[in-house]
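The entries follow in the order I looked things up.

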Amino acid sequence: MLLLAAALLTAPTATARPQASARNQAAAPVPAATLTEVTGFGANPSNLQMYVYAPATVTAHPAVLVAVHWCGGSGPNMYTGTEYAQLADQYGFVIVYPSVTRSSKCFDVASPQALRRGGGSDPVGIKSMVDWVIAAYAADTSRVYATGISSGAMMTNVLLGDYPDVFAAGAAFSGVPFGCFATTDGSEWNSACSGGTVIHTAPEWGALVRAAYPGYTGSRPRMQVWHGTEDDTLRYANFGEEIKQWTDVQGVSQTPAATDTPASGWTRTRYGGTGDQAPVEAISLQGVGHNLYAWGMAARALTFFGLDASGPAPQPEPGSCRVTATTSAWSTGLTASVTLTNTGAATVNGWQLGFTLPSGQTITNGWGATYAPASGAVTATNATYNATLAPGASVTIGYQANHTGNSAAPGAFTLNGAVCTKS
């Protein structure tokens with residue numbers, strides 16, 4: 001069932017942040033810079049819990065972000081396991097963290113009630129949470145967004161389908177199309193969809209979305225989708241089906257208007273436009289499984305939403321980075337030390353170091369960064385404490401690996417997709 005499968009996703013651990021007890025009140029701001037549970041927020045047929053995070057400085061008429069947890073997780077887990085709250089501190093928006101109370105801790109993305117506007121399940125409760133925040137903060141109703149991981153990614157698809165007049169855009173990390181998980185027997189799990197065997201034409205997928213709100217003729221939310229090619233929980237075929245669905249909903253071509261590689265092992269395609277706010281954006285991660293979310297990805301989602309005024313992490317020009325890498329080996333293992341230096345003139349805010357391990361090497365653990373996948377073409381993503389590299393600054397990271405005879409260090413490195421000098 002969904003709990004056993006999607007609960008395999010474990011978000012990165014973050015530094016503990018303050019939380020407050022429940023508040024049952026009419027819509028009014030919550031304590032600043034503290035995760036606070038709010039009760040009595042409106043229609044809530046499936047008994048969801050609502051958590052709100054508002055930064056110390058909230059912008060006038062702020063944007064609202066709904067951040068939806070994975071199966072087996074919770075709103076507080078999503079708060080501590082992702083960097084959205086830190087980004088809210090920087091940009092002044094307010095975050096809603098819905099939390100499931102049913103035993104599976106999975107969002108309802110399967111029932112007929114969930115797949116229609118006002119149907120009486122989880123989407124209704126989440127819509128009530130959004131309404132509460134809009135009232136409490138005089139929020140900008142044109143800037144409401146949703147993002148989620150795994151079960152939360154599936155709910156992101158559902159929210160954008162049920163409430164196209166509420167959400168301006170969404171970002172789904174390891175999800176499936178709207179309606180793919182539909183069941184009529186009360187089951188939360190759809191093996192055909194999870195296995196990637198539910199295939200439709202783009203118009204058929206689009207029709208499922210349009211049927212959630214019959215007669216709606218307004219604008220539709222933009223969608224960003226992320227998927228790993230080795231996802232064995234929600235198979236990679238669902239990525240292509242999401243693209244078909246949302247390009248049809250947006251009325252744009254399924255042929256990419258732009259294709260690039262924003263980081264090693266990533267392929268990004270944009271549909272209906274070439275800029276950061278294209279109608280549909282899709283990021284495929286080569287060799288990555290279901291647990292694809294890494295620190296730094298949230299900032300790219302914010303760029304897609306338009307909430308990040310500074311744009312994505314700077315892309316260094318070739319030659320603006322230098323890497324020194326050494327290994328110390330024993331019979332079947334090795335320890336590697338990698339020092340990255342920013343030799344450019346601009347500060348790097350958020351980095352991903354790409355490299356290819358020699359054949360036969362497999363990373364068993366690492367420090368200073370997160371590493372994925374464990375072999376082949378690897379991407380090392382910054383930790384929260386070392387994300388910023390000023391001009392001339394260096395960071396040293398490392399890993400241990402098994403080897404089958406070749407204990408050499410990687411021969412080449414890229415920083416945010418740009419080639420580094422190796423010394």
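I looked up Cys 180 and Cys 193 and found both buried (buried means under 20% relative accessible area, exposed over 50%, partly exposed in between, with a 1.4 Å probe and protein chains only). A disulfide joins the two, with 2.0 Å from S to S (a disulfide is a pair of cysteine sulfur atoms within 2.5 Å). The pair links distant parts of the chain, 13 residues apart: Cys 180 is in the loop between β7 (169-173) and α6 (191-194), and Cys 193 is in helix α6. I noted that helices (H or I, at least four residues) and strands (E, at least two) are DSSP runs, numbered from the N terminus. The link of Cys 180 and Cys 193 is right-handed, with 120 degrees about the S-S bond.

I wrote down the source of the values. This is a predicted model, in which local features need pLDDT of at least 70 and side-chain atom pairs count only at pLDDT 80 or more, while totals for chains, interfaces and linings use all residues. Residues are numbered from 1 along each chain as its sequence is written, and side-chain values use heavy atoms, with hydrogens and water left out.

How many disulfides does the structure hold? I found three. Cys 71 and Cys 106 form one of them, with sulfur atoms 1.7 Å apart. Cys 71 lies in the loop between β4 (64-68) and α2 (75-81) and Cys 106 in the loop between β5 (94-99) and α4 (122-137), so the pair ties together parts 35 residues apart in sequence. Cys 71 is buried at 0% relative accessible area, and Cys 106 is buried at 0% as well.

Cys 321 and Cys 420 are also joined by a disulfide, S to S 2.1 Å. The link of Cys 321 and Cys 420 is left-handed, with -100 degrees about the S-S bond.

I turned to the rings and counted 13 aromatic pairs (rings of Phe, Tyr and Trp, the last by its six-membered ring, pair if their centres lie within 6.5 Å; planes under 30 degrees apart count as stacked, over 60 as edge-to-face and the rest as tilted). Tyr 53 and Tyr 79 have ring centres 5.6 Å apart and planes at 40 degrees, so the pair is tilted. Ring pairs also link Phe 173, Trp 226, Trp 266 and Tyr 293 into a cluster.
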